[in-house]
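Biologist: Could you walk me through this one? I'm new to it, so please spell out your terms as we go.

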Amino acid sequence: MKRVSLLAVTLLAAAVAPHAALAVDYPLPPAGSRLVGVNQSYVVQEGDRNLQSIARRFNSSALLLLEANNTVAPVWPKPGTQLLIPTQLILPDTPREGIVVNLPELRLYYYPPGKDIVQVYPIGIGQVGLETPVMVTRISQKIPNPTWTPPAGIRARSLAKGIELPKVVPAGPGNPLGRYAMRLAKGNGEYLIHGTNAPDSVGLRVSSGCIRMNADDIQSLFAQVPWGTRVEIVNQPVKYTQEPDGVRYVEVHRPLSQQLEENTQTAPLALPADFATFTGDDAATRQRVNAALTRRAGYPVAVAGGAAASSRAADAVQSAKVTSGAERAEAGSLEADKAVQVQ
């Protein structure tokens with residue numbers, strides 16, 4: 001698997017094959033900091049297949065691109081459209097150990113032991129009614145070339161759609177688990193982190209509770225993660241940090257829907273207990289926080305910090321525009337719109 005730095009993704013974006021995933025190693029931020037990476041911009045080209053193929057070039061997902069670019073066509077964006085690629089992020093509020101999955105942002109974080117980096121991967125998770133549960137567990141089994149025995153519930157749901165599944169699906173290219181699987185110790189071992197034979201499902205809520213990864217990504221993770229590795233799965237749609245320079249950031253994702261028809265853009269957000277303390281009493285800060293909570297852009301927004309916040313916002317985007325090659329353009333800034341009230 002190819003592994004490159006965040007800036008190298010920009011330079012190589014045009015050369016990535018449609019189904020290749022480029023996992024990014026982010027250097028761990030210093031003590032007291034949780035902000036990593038930098039956003040990028042990309043201009044849609046005539047040959048781009050769909051939004052998911054663009055997302056895959058940047059180790060992202062279509063849903064994350066839609067959060068960041070909420071006015072673009074959801075499947076086939078028009079050539080010439082400029083997209084913001086959300087490759088700046090706030091690390092989840094967890095120990096920096098083992099594997100961390102934050103369900104609302106559809107990302108898996110891996111902290112390799114003894115290295116000052118974090119690897120970030122796009123994932124697919126459980127669908128409504130078959131949710132991937134919040135948990136702290138460990139890797140209990142590593143399975144290369146897994147076979148798949150469809151559980152009774154999946155067999156019944158498939159049969160209701162007119163599809164009769166075999167009792168056992170052998171290892172191979174048609175196996176829904178891909179080439180590698182890692183079993184979690186939770187419950188009866190029914191939850192796996194695995195590959196998939198449906199790459200466009202990565203970045204979506206379509207599984208029966210397992211965590212899906214792109215083929216190259218699961219191959220890389222499988223090779224690195226030892227048996228017994230700690231795994232923490234969290235539900236943190238709102239992440240926030242005050243950086244060492246005093247600048248405060250909020251990163252807001254759409255919450256996990258509880259019903260198929262629920263509008264996650266307007267659904268209530270469960271805010272952490274200390275979020276009001278983080279926001280403070282300054283009217284301008286509260287207005288920017290409220291705007292971020294309404295916009296739900298899926299990338300960090302500076303909400304306080306005076307001149308430092310203005311400077312950081314202006315430098316938050318690097319160009320990944322691709323024509324015959326990768327070109328750089330001047331950085332821009334994006335502003336959140338509308339406001340809701342922090343209670």
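Biologist: Is R57 buried or exposed?
Modeller: R57 counts as buried because its relative accessibility is 15%, where buried means under 20% relative accessible area, exposed over 50% and partly exposed in between, with a 1.4 Å probe and protein chains only. This is a predicted model, in which local features need pLDDT of at least 70, side-chain atom pairs count only at pLDDT 80 or more, and totals for chains, interfaces and linings use all residues. Residues are numbered from 1 along each chain as its sequence is written, and side-chain values use heavy atoms, with hydrogens and water left out.

Biologist: And where is R57 placed?
Modeller: R57 lies in helix α2, residues 51-57; helices (H or I, at least four residues) and strands (E, at least two) are DSSP runs numbered from the N terminus.

Biologist: Which way do β7 and β8 run, and how many bridges join them?
Modeller: Strand β7, residues 98-102, runs antiparallel to β8 and is joined to it by 5 bridges, and two strands pair if DSSP finds at least two bridges between them.

Biologist: What about β8 and β9?
Modeller: Those strands are also antiparallel, with 4 bridges joining β8 to β9, residues 117-122, and R107 stands opposite P122 in β9. Their hairpin has 5 residues between the strands, and there G114 takes a positive phi near 80°.
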